[in-house]
Amino acid sequence: MASQTSQQYAFRAQKSLGLVNGTPDYTPVAGFVAPDVPARTQAYSADGRLYAYALPTVVRIFQAEGAKLLQELPFPNIVDLSFSPRGTYISTWERPVKLEDGAQHKNLRVFSVSTGVELIAFTQKSQEGWDLQYTISESHAIRLVSSEIQVYRPSEWSKGIVDKLRVEGSTLVSLSPGLNPSIAVFVAEKKGAPASIKIFSLSALSGTPTCQKTFFKADRAQIKWNTLGTQVLLLTQTEVDNSNKSYYGETGMYLLSAAGNFDCRVTLDKEGPIHDFAWSPNSKEFGVVYGYMPAKTMLFDQRVRTLHDFGASPHNFISFNPQGRLIALAGFGNLAGKIEIIDRRTLAKVCTIDAPNTSHCEWSPDGRFLLTATLSPRLRVDNGIKIWHCTGPLVHVQLTDELYQTSWRPTPVENVAPFGNTIPPAPAPSASVLSLAAVQKPVPAKPAGAYRPPGARGLATPSIFKREDEGGPMMNGGASGSATPPRYNRSPVPGAPGYGQGHQQNGGHHYQNGGRRTVPGAPPSGTPSPGPDGQKNRKKKGKKEGGAPGEDGVEGGRQSFDAGQQQQNRGGNRERQDGKGNKDGGNGKRANGAGGIVNLPPPVVVSPPAAETDAPVTPGADGALDAVAKKARNLNKKLKAIEELKEKAKRGERLEATQLRKMEGEADIRKELAALGV
């Protein structure tokens, strides 16, 4: 029963708010009535007994089990609220405003949950770090006010400040859990002075620090205590990276003991930022995700000795379940949203969960379920909650438009069922998962193969566009190893295969004259051009070369044809300028009744020299390769493409279904390549 009640979760959206029971039914909590207006915030108490939400005009406090209304605080404009560890007090924060009488607006208020009476109020301008920090027994409460740490006794709020500590330049303070609380104070680097962290015992604030450390490159910091409150991890960060390697600045990590017997820097073996870090609930080990993508994940003990290296993967999130048995490693934000569940005992991967667009991830109190949510305004589409079992199956789905906030109901570890030596099996999915699968449109698989224009889709691929291993024609006669026909039909280079053939076919076109193209309507290169000008040019050419005046040659025929064409153009221009019709006579002019058609003699085929016809094949040309070598080359190309896909997968890029199928065929390709014996 304890495990069942621990599965309750709360959600807050633009138009809805509610409490939902956990496994197996995931039904709304009976007796809870959602408000008519949007809520501004919600929160559970740390022990899970209480639940509260803030409306524009009132704050309501409920008993979490059964949703019984306990108190209404008639204070408007509450933006944030928080409970003390045992749920005795509730703190509220509202935006500061200027009062008419000029007095300071006390916008941070502390109320008694049982009576609803305001106990004390403070002025707190910033919402960041606005709440008071309580000891686990609620014997003391502290807050940081302009470099001064003020200590109160909640049982005697009326006495005001009972103790204080001033640390110049302090920007962050953190109170440890545990029975002997300590205070960690961080001082940022300023004007060349190094940054520092100092740890004081709460019972002896006026004394010297029990532990302190100074360092550079620290403009801001994040502090995390272990569960026992005996050690603290400090993550430092600078605003600007002086080496210009990172847009987000430089990061560093330090481990300090509250007793002062140990402190050191956590040395990381990969360059890049620290993405996330977390303590194990046993307080004896912690995990760090660091380095440029793909990031490394390392597990350290309490003396910063390496326990396990999880390798490089696209991760930027780490979280231990409350029992410390399972570890969730994930890549959110601009990464694909893959979550890997690791068994801490065996350090083996249990499963992989695909949860894209996740902006919130949280373990259930019993450590068996993982809640992922897509929240607004981080993402305004596909907002909703998904609950996964630790073995991978999806057990519940709740799609909610403009979902702002969600969280599990906290439950102390001693009040939930023990995890057991073996990982428990997954329960049956709720009706929401089955209904979603019924209405969800299947994602169409992208067609494999090369791109085809819309007009050619749905048709059989012509054999000319296929490779030889796909049934295409053998391209032994060409100098290119590609099965794709050439785009332009040019004559071959002298010395290449096929040069000098009388009739050469290339892409369906027949050429004469040794592979040269002929102009329609023009005489062949060996035919003299009509007209006296052509005769004169031919005679001059023959005399210049020392040949007979009437001897025809290839170059002479080409020149005489060009001259005849020029004369014909000039004659045609004169006729158009004179405005007359067809004329008789030579010089390239049209004859009467010719209808614009030039009567040409039949073409003469000029055979090329035998030396050019028998030119040797160029060494290394694809035409010289046999079928086995071509087959091996194509298989090696496929293997190279598969290696590139593997590199993309290591970098965290999402691959398409066709690419995944291509990677699955690697073994077959290698077998086929080995069978060739190349």
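Author: Contact means heavy atoms within 4.5 Å of each other. This is a predicted model, in which local features need pLDDT of at least 70 and side-chain atom pairs count only at pLDDT 80 or more, while totals for chains, interfaces and linings use all residues. Residues are numbered from 1 along each chain as its sequence is written, and side-chain values use heavy atoms, with hydrogens and water left out. Helices (H or I, at least four residues) and strands (E, at least two) are DSSP runs, numbered from the N terminus.

Reader: Which elements are included in what covers the buried residues of α8?

Author: Helix α8 spans residues 666-676, and its buried residues (buried means under 20% relative accessible area, exposed over 50%, partly exposed in between, with a 1.4 Å probe and protein chains only) are Glu666, Ile669 and Leu673. Seen down the axis of α8, these buried residues fall within an arc of 65 degrees, so they line one face of the helix; the arc is that of the directions from the helix axis to the C-beta atoms. The cover over the buried residues of α8 includes α6 (627-650) and α7 (657-664).

Reader: Which exposed residues does the face of α8 turned away from its buried side carry?

Author: After α8 comes glycine 677, whose phi is positive, near 75 degrees. Within the helix, the buried residues are Glu666, Ile669 and Leu673. The face turned away from that buried side carries the exposed residues Asp668, Lys671, Ala674 and Ala675.

Reader: Which strands stand at the edges, each with a single partner strand?

Author: An open sheet of four strands runs in the order β7-β8-β9-β10, and its pairing is antiparallel; two strands pair if DSSP finds at least two bridges between them. An edge strand here has a single partner, so one side of it is left without a neighbour in the sheet, and the strands in that position are β7 (78-83) and β10.

Reader: In β8, what is the bridge partner of phenylalanine 83?

Author: Strands β7 and β8 pair in the antiparallel sense, over five bridges. Phenylalanine 83 takes part in this pairing, and its bridge partner in β8 is isoleucine 90.

Reader: In β9, what is the bridge partner of serine 91?

Author: Strand β8 (residues 89-94) and strand β9 run antiparallel and are joined by five bridges. For serine 91, the bridge partner in β9 is valine 110.

Reader: Which residues of β9 point one way, and which the other way?

Author: In a regular strand the side chains alternate between the two faces of the sheet. Strand β9 (residues 108-112) is mostly covered, with five of its five residues buried. Leu108, Val110 and Ser112 point one way from β9, and pointing the other way are Arg109 and Phe111.

Reader: What is the phi of glycine 116 in the turn?

Author: Strands β9 and β10 (residues 118-122) run antiparallel and are joined by four bridges. Among the residues in this pairing is phenylalanine 111, whose bridge partner in β10 is glutamate 118. The two strands form a hairpin with five residues between them, and in the turn glycine 116 has a positive phi of about 80 degrees.

Reader: In the hairpin of β29 and β30, which residue takes a positive phi?

Author: Strand β29 (residues 338-343) is joined by five bridges to strand β30 (residues 349-354), and the two run antiparallel. Isoleucine 342 stands opposite lysine 349 in β30. Five residues lie between the strands of this hairpin, and a positive phi, near 60 degrees, is taken by leucine 347.

Reader: In β25, what is the bridge partner of tyrosine 290?

Author: Another open sheet has four strands in the order β23-β24-β25-β26, with antiparallel pairing. Its edge strands are β23 (274-279) and β26 (306-313), each of which pairs on one side only. Strand β24 (residues 285-290) and strand β25 (residues 295-301) are joined by six bridges. In β25, the bridge partner of tyrosine 290 is lysine 296.

Reader: How far apart in space are isoleucine 197 and tyrosine 254, C-alpha to C-alpha?

Author: Isoleucine 197 is placed in strand β17 (residues 195-201), and it counts as buried because its relative accessibility is 0%. Not counting residues up to four places away in sequence, isoleucine 197 touches Ala184, Val185, Cys211, Gln212, Lys213, Phe215, Leu234 and Leu256. Isoleucine 197 and tyrosine 254 are 57 residues apart in sequence, while their C-alpha to C-alpha separation in space is 9.8 Å.
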